[in-house]
Amino acid sequence: MKNELIPMIFKKPNTMFVETNRMIEWISREKDETGQPLCNRIPEPKEREFPIIGFVAGGMLYPTTLSLMVRRRDKSKGLYSDIYRRTVLIVNESFPCFDSEDYQHENRYYHWAYLIGQGHLICVYWEDEGTWIKVTEDVRVVNERAWKAMEQAGLIQDGILVL
């Protein structure tokens, strides 16, 4: 019987500075006699860049980034379904503003889409008016903004990512 691995999210250990990011580790539900998981897997991230039109994430072809958001599940939490009916969490961050004119006219965003496919956490990143998309398969580190969005959306339960 194949041992099912689930994504656990941990606080990144502090080094010289206080760390706010989180780490993903895939751990089996089954435990040994001492209560430790029977097996675990440390993600090995692989990044690829694609033109803005047409990219592959989790082994599936997406014509555009809108394909990640075909069905709105809970817009206030950033939850959508993609064209393959997988749950997607969208995290947005506005471009930085430096003066009052920026605040008045800036309306561009950075976007991260998180989904699970083939036993990996996947992150798709793009910018408004950008010409490329970066796809990270098998994400290891989740930045603070993203894991807080995951928590607010109810996707982290008892340290388990349930995307």
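**Salt bridges in close-up**

**View 1. Asp82 and Arg86 are joined through their side chains by a salt bridge, with 3.3 Å from N to O.** A salt bridge here is a side-chain nitrogen of Lys or Arg within 4 Å of a carboxyl oxygen of Asp or Glu. Both Asp82 and Arg86 are buried, where buried means under 20% relative accessible area, exposed over 50%, and partly exposed in between (1.4 Å probe, protein chains only). The model is predicted, so local features need pLDDT of at least 70 and side-chain atom pairs count only at pLDDT 80 or more, while totals for chains, interfaces and linings use all residues. Residues are numbered from 1 along each chain as its sequence is written, and side-chain values use heavy atoms, with hydrogens and water left out.

**View 2. Arg145 and Glu93 form a salt bridge between their side chains, at 3.1 Å from N to O.** Arg145 belongs to helix H2 (residues 144-152) and Glu93 to strand E9 (residues 87-94), so this pair ties together parts that are 52 residues apart in sequence; helices (H or I, at least four residues) and strands (E, at least two) are DSSP runs, numbered from the N terminus. Arg145 is partly exposed, at 41% relative accessibility, and Glu93 is also partly exposed, at 27%.

**View 3. Asp138 and Arg41 make a salt bridge whose closest N and O atoms are 2.8 Å apart.** Because Asp138 lies in the loop between strand E12 (132-137) and strand E13 (141-142), and Arg41 in strand E3 (residues 40-41), the pair ties together parts that are 97 residues apart in sequence. Asp138 is buried, with a relative accessible area of 5%, whereas Arg41 is partly exposed, with 24%. The search of the whole structure finds 5 salt bridges.
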